[in-house]
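Here are my notes on the model, point by point. Please read them with the structure open.

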Amino acid sequence: MQELTPLDPAQVHVLRIRSAIAAVLGLLGAWAIELSQLRETWVPAMLVPALALLGGLFLVFVFPGRRYRRWSYREGEDEIEIRRGSLILRRTIVPFGRVQHIDVAQGPIQRPFGLATLIIHTAGTQSASVSLPGLKLADAEALRDRIRVKIRQDLV
Amino acid sequence: VSEHVLQGRRLHPATLIVRWLRIVPQMFAAGVGLAATARREGFGRFLIYAAVAAALGAVFAFLYWWRFRYTIGDGEIVIEKGVLRRQRRVIPFDRVHDIAIEQRLLARLFGAAKVRIETGGAARDEGDLDMIAIADAHALRDIIRHGARAPHADAPAETPEEPVLFEMGLARVLFSGVFGFSLLFLAAIWAVVQQLEQLHLVDPAAWFTPQEAETAAHLVTLTFGLELAALVIVLGVVAGVVRTVLRDFGFTLTRSEAGLRRRRGLFTLSEVVIPIRRTQVALIESGLIGRALGWQRLAFQTLGADKKEGGVQVAAPFARMEEILPILAEAGFPPPPPRESFHGAPKRALLRKIVPHILIAVPLTMAAFLFDVRAGVGVAAIAVLAVAAALRWRTHGHYEHESAFCVTGGLLRRRLWLMPYEKLQAIDISSGPIQRPMRLATLVVDTAGAPSMHSLAMHDLDAAEADALADRLYAAWLGARALIKGRHG
């Protein structure tokens, strides 16, 4: 049985940039609330932006690292296992014989870092598609090609 | 019958009448709706709308029929339809999971039937032939089943007598209807009231003016309430019986060449073949009272299953276990294991089930004491939910059969799933924030066509045990796979 493989370290930056975008949007929203009628209520001035700032700091500096460490995968002989989740830990095992098709996708934030997401589709419902983000594009494509060889056109 | 007869065929002419009857009321209702918003009433106007709707409906029905053609070619069926936007769909026979034949009352008068070609795709009406002659429908099914060959004219259209696996007499159907208690009629009454309101024929808001509400309040006594409740229950039972008889009248399950053939219906006859090779999971269900009397329902999860029935196809709606066992055996499923052989979740899973309730109940109890006694009602409701969760923990369990994985659970409605190992799609183990410190995990076995609500899930297992079980299930899948491969050479 092979070892668990972590994602590419650059994935932390991707997660951080995403978090930063969310944090900025959150701050803007909080500022808008601050400027609205909130002044007349019992809520102290600057409380909402302060909370948003705290949340934003958590999102940018703590969350991406945690999130990144929780992701890992193991490529077995006939199956792939993916572990993920920060609040709810999940571990999904997909036999290669059950893979319907595989996508390699690359988002706009991933592209500058040369990262890609591998998406595995099965005929199931709950785990109908399992994605594995944060692989080097070349690695993702190599993995896709290795899995593709093992896909058998089984009847469901 | 030579090939050219099957080239570019049109639908049965009765389609014109049936479609017309379906379109006209919709168009008429739309016209009346418009009239109602314009707030100009008058009987003459309704007549004009009716006439326009009838004429337009006839044109639309004709256009649909005229532009619809289907061709049975070599190993595939081609359906062309659409008036403005033409659509051409090719369905290869080996992609067809199932062919359902449905005959509504009107269709039966014309000897026509609606054919639904199930391919397991997402689109609902991708392979509908609505309607063709019943003889053509049977012929089409034979052609698709036997591959590309067109049937010989002299060959018998009907297959020889198939062995009956299960059937229900009228008495059984009526009895099963009593358990099909339905409050659908309440929804129906409400829909009618809303329709009438839209047409400004009634005004529900006027029923609740202060004066009238006061008059009404005097009428509402305990006896009146009890009588009303009794009436609702009686109507619910009657509605359940009627619905069941309409659906399950003459229920027959036979063993056909490719699977289990199900015929049923009073006015609308339907005929479906549940293909055995495509069955993923067997589901045995029972309600509280039915279970006490020994009645269960057997259904199969297949890929082409109708979402109306919850993604499963019913093989026996109301049967004794000894009637269910031969059907299961015929479909290649092992018998369900006895109650006591199931492995339950550990004791601390009970605690995990109670924790969220406590988290809500504690502040509610404080609120009841400090602010408002009525919060106590909420506490009582949560207590009931907690007891229900505890009882659910008791009935929940799993069992590893030689050839299938088995999960059971449910409080009032108890379910039992049987999944042959080779049908597994993926295994998912999850552990939430409450589960993690308690070393608990939930294992979900994903199957093809699984309904999102009720899939094979074993909740709150010991985390290590969940991992071990996942490995065993995967090993069993590999084993079953190797066995099938060996059989096929």
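1. Burial in chain A. This is a predicted model. Of the 156 residues in chain A, 41% are buried, meaning under 20% relative accessible area. The accessible surface of chain A is about 8,600 Å². Carbon and sulfur atoms make up 62% of that surface.

2. Overall dimensions. Chain A has a radius of gyration of 20 Å. Along the principal axes, the C-alpha atoms of chain A occupy a box of roughly 65 × 30 × 25 Å.

3. Fold content. Chain A contains three helices and seven strands. Their order along the sequence is β-α-α-β-β-β-β-β-β-α. Take the contacts in chain A between residues at least 6 apart in sequence: 50% of them join residues at least 24 apart.

4. Charge. Chain A carries 20 positive and 14 negative side chains. How many Å separate the centres of the two sets? The centres lie 4 Å apart.

5. Helix α5 of chain B. This helix spans residues 170-178. Which of its residues are buried? They are B:Arg172, B:Val173, B:Ser176 and B:Gly177. Viewed down the axis of α5(B), the buried residues fall within an arc of 140 degrees, so they line one face of the helix.

Definitions and conventions. Residues numbered from 1 in each chain as written. Chains lettered and ligands numbered in written order. Predicted model: local features only at pLDDT ≥ 70, side-chain atom pairs only at ≥ 80, totals over all residues. Heavy atoms only, no water. Helix = DSSP H or I, 4+ residues; strand = E, 2+ residues; numbered from the N terminus. Rg over C-alpha atoms; globule rule 2.2 N^0.38 Å. Buried < 20%, exposed > 50% of the residue type's maximum accessible area, 1.4 Å probe, protein only. Contact = heavy atoms within 4.5 Å. Areas by Shrake-Rupley, 256 points an atom, 1.4 Å probe, with all protein chains shown as cover. Lys, Arg positive; Asp, Glu negative; His and termini not counted. Charge placed at Lys NZ, Arg CZ, Asp CG, Glu CD. Arc of directions from axis to C-beta.
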